[in-house]
Amino acid sequence: MTRSLLPLLGLLAVLLSACDSAGNADGTTINVHLENANGLSANLDRITIAGEQEMLRNTPIDDGGHFSFSFAEPLSDGLYQIRVGAQKATLALDDADGTVEIEGKLSTFGNYDFSVTGSADAAETVTTMNRIQEVAGLDEFQEMIGAVNNDYTAAYVAFRALQRAGEAGLPVHEAVVQRLPEGDPSRDNYNRYLEQLKQQIAFAKSQELIQPGQPAPDLVLQNPEGEKVVLSDLRGQVVLLDFWAAWCGPCRRENPNVVKVYNKYKDQGFTIYSVSLDGIDDNQAARLTPEQLEVARDNQRQKWVAAIEQDGLIWENHGSELKRWSGEASAKYGVRGIPATFLIDREGKIAEIGLRGAASIERALQRVL
């Protein structure tokens, strides 16, 4: 009985040895052949959409233009970038991919002019990147992206191709980002990119809308106690919309002028709506845990409250998103620097922009009271 098992055990040992010599039976191996790449080195990076990249491997390229990246454990689902000199290409990989073979030329590698076998997802990335050149119009592009099987490829190609599409590309961006897994860094980074894109779009629109004679966009913010303060609720009064912050030196120096005018005209139908740009912006917030963010925003709120008291800003309408420059209020009004003021008449239309100094504010105010 024992003797009959020996041939089987010997065969098993041979098979295990064969698996070892092949590199890794259960992991991931990427074999690449690029013509004219000899003498260079190659890098493999794990990347996230709209975010950072992590270098996983660096390897020399042999005289025939061959190199490999081998991992004992499967690479996780996601995006991976191969870099050789100035040429680079990003591919989606699946954790079920075993041995992936890439064949091409160094000179055209960055243009996705190469073949891929052993990974359906990576091959789809190549096909999709090449199809971009053939797509005529956003509707056709959206249809193409919707047909892409790999969620990472769909999101990566949309991000790459639509960075100049502006508002027209938003529906595609929003659709592909929802396909990425919850908590995935690419999803988080993509969402932050979308928030910044929306702010840029709002700012561009504000350049057309924020002009004397135009209706003042409404604002609904929270005061230090967490209650809503609504700009449109002040319709019927003349309102000085004042963007400022506790950390802003010029704002703090301008506050006595604003207080002076308020005290002089507050009984004649004049009031002030102050928008604080204190807080934590989205980039800072992304580096904090929810608990840390809550503490940081509360600290900023306390600085805001202290500045209100110190500068004697006694009017009721104080609002903030506590998001510094990442808030919607500054985007709506195209505010890129503070202090920034907008005088709004009794009908809710913008009367004057950029008033500084008590005399300047008073002259404009007298024209609309």
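## Two helices side by side

Helices α2 and α4 are roughly parallel to each other because their angle falls in that class (under 35 degrees; over 145 is roughly antiparallel, 65 to 115 roughly perpendicular, the rest oblique). This is a predicted model, in which local features need pLDDT of at least 70 and side-chain atom pairs 80 or more, while totals for chains, interfaces and linings use all residues. Residues are numbered from 1 along each chain as its sequence is written, and side-chain values use heavy atoms, leaving out hydrogens and water.

Helix α2 covers residues 120–131 and helix α4 residues 151–161; they pack at about 25 degrees with axes 10 Å apart. Helices here are DSSP runs of H or I with at least four residues, and strands are E runs of at least two, numbered from the N terminus. Axes are lines fitted to C-alpha atoms, for helices over the stretch in contact, and angles run from 0 to 180 degrees between N-to-C directions.

From α2, D121, E124, T125, T128 and M129 meet T153, Y156, V157 and R160 of α4 (heavy atoms within 4.5 Å).

## An open sheet

Four strands line up as β4-β1-β7-β8 in an open sheet with mixed pairing; strands pair if DSSP finds at least two bridges between them. At the edges are β4 (66–71) and β8 (114–117), each pairing on one side only. From one strand to the next, the twist averages 10 degrees.

Strand β7 (residues 99–105) joins β8 through four bridges in the antiparallel sense. Look for E103 opposite S115 in β8.
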